Amino acid sequence: MKLKKLRLIPEVAQLYSHLESDFEKEIYTAALRNYCSMGNPIRFNNFAFVIRELLTKVVDRLAPTEDVKKAKWYSKESEDYEVTRKQQLKFCAQGYFVDTVLPDWVGEEVDEFIKEYVKLYRKLNQYTHISEKYKGLSPQKSFSFLKDLAVTFSAILSTLSDIKSHITEEIEREIHDVVFDKLMFESHEALIELSGQTIVEGINIEGYWLSRVEPEFIIFEGEGCVECELNYGSKHDGVSMSHDVPFSFCLVSKIEKVEELYFYEQGMYLDNRSFYE
């Protein structure tokens, strides 16, 4: 199979999306080029050696030992290693998120992905040492192995994004409640100064997202606008006007209690500059 055609296969192409640097992509291409050297009896051995080193480097980049040890779910499992390969793969899949906040399907799938990847990785190890038993692999078996490896590794690396999306969706109501209470029931100088009597008529959250995950906390950010009624003059001889004030916010929750949200640092920022323009 030609390299150009091989790179277009969805399973093969997907793995490129998880590679960060030009170096990683270059090495992946080199591994595939080895795979495509059809006249070389040890082409699969050469492929196995290069792809094994690449995947090892990617895992080490995404799951450094010191970061894994900071995770609340971490505990030492081996007398020989501070962090095992399986624990690194778990960190690639779920980061600092503890098992109790994950949907049921995640834990089950991650375990299966890791078992399958470890099995495939061991096979790579066998073919990096050329012997009569492990010299080359038939085109059909090598192609099946390549696809299985790419799919499994990509699935592990995609899981963290799925977890973040799930958690972000799960706490939508909590975010709306916390932001609503902050704007509706607390005084804000940025609103008070706009008129003699500023009345909050509506609160619109236009978007929010998971900003970052730390060993102890999850940080969320978002933005929206406050619909205000600005009142001037006396009760009998006054004037009113509508004005929207944009706002941004930053919330934090503990890693093991995602639904309990608090404002982080400054917490809420209202931008009333457009009123004075």
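**Close-up 1. E82 and its salt bridge with K69 in the predicted model.** In this predicted model, E82 is partly exposed, with a relative accessible area of 37%. The residue forms a salt bridge with K69, and the closest N and O atoms of the two are 3.3 Å apart. K69 belongs to helix α5 (residues 65-70), whereas E82 sits in the loop between α5 and α6 (85-94), so the pair ties together parts that are 13 residues apart in sequence. K69, for its part, is also partly exposed, its relative accessible area being 30%.

**Close-up 2. The salt bridge of K90 and D99.** Here the side chains of K90 and D99 meet in a salt bridge, for which the N to O distance is 3.3 Å. D99 is partly exposed, with a relative accessible area of 43%. This pair can be viewed against the total for the structure, which holds 13 salt bridges.

Close-up 3. E214 forms a salt bridge with R212, in which the closest N and O atoms lie 2.8 Å apart. E214 counts as partly exposed at 27% relative accessibility, and R212 is partly exposed as well, with a relative accessible area of 35%. Elsewhere, salt bridges that share partners join E66, K69, K76 and E82 into one network, and two members of that network, K69 and E82, form the salt bridge described in the opening view.

**Close-up 4. The hairpin of strands β1 and β2.** Strand β1 (residues 197-213) and strand β2 (residues 217-233) run antiparallel and are joined by 14 bridges. Together β1 and β2 form a hairpin, with three residues between them. For a reader who wishes to follow one of these pairings residue by residue, L210 has F220 as its bridge partner in β2.

**Close-up 5. A patch of negative charge on the surface.** Six named residues make up this view: D104, E108, E109, D111, E112 and D162 gather on the surface in a patch of negative charge. Helix α7 (residues 104-128) gives the most to the negative patch, contributing five residues, while D162 lies in helix α8 (residues 139-170). D162 counts as partly exposed because its relative accessibility is 38%, a value between the limits of 20%, under which a residue is buried, and 50%, over which a residue is exposed.

Terms used:
Residues numbered from 1 in each chain as written. Predicted model: local features only at pLDDT ≥ 70, side-chain atom pairs only at ≥ 80, totals over all residues. Heavy atoms only, no water. Patch = residues over 30% accessible without salt bridge, like charges linked within 9 Å, V, L, I, M, F, W, Y side chains within 5 Å. Areas by Shrake-Rupley, 256 points an atom, 1.4 Å probe, with all protein chains shown as cover. Salt bridge = Lys/Arg side-chain N within 4 Å of Asp/Glu carboxyl O. Lys, Arg positive; Asp, Glu negative; His and termini not counted. Charge placed at Lys NZ, Arg CZ, Asp CG, Glu CD. Helix = DSSP H or I, 4+ residues; strand = E, 2+ residues; numbered from the N terminus. Buried < 20%, exposed > 50% of the residue type's maximum accessible area, 1.4 Å probe, protein only. Pairing = 2+ DSSP bridges.
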